[in-house]
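This briefing goes through selected strands, helices and surface features of one protein model. Please read it alongside the sequence and the structure.

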Amino acid sequence: MKKGWENKQLIQLCHEITDGTHSSPKSSPRYNYPYITVKDIKEDIIDFDNCKFISADDFFRLKKNGCMPNNGDVLFSKDGTVGKVSIVDYDKEFIVLSSLAIIRPNRNLINPYYLKYVFKSPLFLKNAVDKKTGVAIKRIILKNLKQIDVQYPISIPEQKRIV
């Protein structure tokens, strides 16, 4: 490995790795709170114009349960189409479905934008897809996602330069 680089499991670089709700709340165009799934990530951007919306009661219940990403989190699709990635680089309240992992990087160790490119790399995607489990619907479980190795330069300025 190059001098100044390290290799660690993803979980060692993050404050938290979780996912969204495992039950689909009732949606309606008359509700006000966005509900995001894999299909709503297009070219690394969340499509809030065409997503579903949920009630305030469901939103606040799911927010309390940790299904709302924060500014600086990275979303990674782990069910269905694996490898869709989006960075939450704004303040907006929305809930995600369990098909999306919410990855909260430790910014003292890894830059979210660098992590985004790691997630889109052929090596990371191969390692992720190789860890898919299940019979009817194959998915990456969080335990396996957390264990995937990430190579990165120790220097945050070097990570930003690479990005």
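Helices (H or I, at least four residues) and strands (E, at least two) are DSSP runs, numbered from the N terminus. With that numbering, valine 163 is found in the segment after α5 (156–162). The model is predicted.

- Strand β7 spans residues 74–77 and is covered on both faces.
- β7 pairs with strand β8 (residues 85–87) in the antiparallel sense, over 3 bridges.
- Strand β10 (residues 100–105) also pairs with β7 in the antiparallel sense, here over 4 bridges.
- Valine 74 has a counterpart in each of these strands: it stands opposite isoleucine 87 in β8, and its bridge partner in β10 is isoleucine 103.

**The open sheet β6-β3-β9**

- An open sheet is formed by 3 strands in the order β6-β3-β9, with mixed pairing.
- β6 (52–54) and β9 (95–96) stand at the edges with a single partner strand each, so one side of each has no neighbour in the sheet.
- Strand β3 (residues 33–36) and β9 run parallel and are joined by 2 bridges.
- Tyrosine 35 stands opposite isoleucine 95 in β9.

**Helix α1: aspartate 58**

- Helix α1 comprises residues 56–64 and contains aspartate 58.
- Aspartate 58 counts as buried because its relative accessibility is 18%, and buried means under 20%.
- Leaving aside residues up to four places away in sequence, aspartate 58 touches Pro25 and Lys26.

**Helix α2**

- Helix α2 covers residues 112–120, and its buried residues include Pro112, Tyr114, Leu115, Lys116, Val118 and Phe119.
- At the start of α2, the backbone nitrogen of tyrosine 113 has a side-chain oxygen of asparagine 111 within 2.7 Å.

**Nonpolar surface patch**

- Tyr113, Tyr117 and Val163 make a nonpolar surface patch of about 280 Å².

Conventions: Residues are numbered from 1 along each chain as its sequence is written. This is a predicted model: local features need pLDDT of at least 70, side-chain atom pairs count only at pLDDT 80 or more; totals for chains, interfaces and linings use all residues. Side-chain values use heavy atoms; hydrogens and water are left out. Buried means under 20% relative accessible area, exposed over 50%, partly exposed in between (1.4 Å probe, protein chains only). Two strands pair if DSSP finds at least two bridges between them. Patches are made of residues with over 30% relative accessible area and no salt bridge: like charges are joined within 9 Å, nonpolar side chains (Val, Leu, Ile, Met, Phe, Trp, Tyr) within 5 Å. Accessible areas come from the Shrake-Rupley method with a 1.4 Å probe; for residues, only the protein chains shown count as cover. A salt bridge is a side-chain nitrogen of Lys or Arg within 4 Å of a carboxyl oxygen of Asp or Glu. Contact means heavy atoms within 4.5 Å. A polar contact is a pair of N or O atoms within 3.5 Å; within protein, one must be able to donate a hydrogen and the other to accept it, and residues adjacent in sequence count only if both atoms are side-chain atoms.
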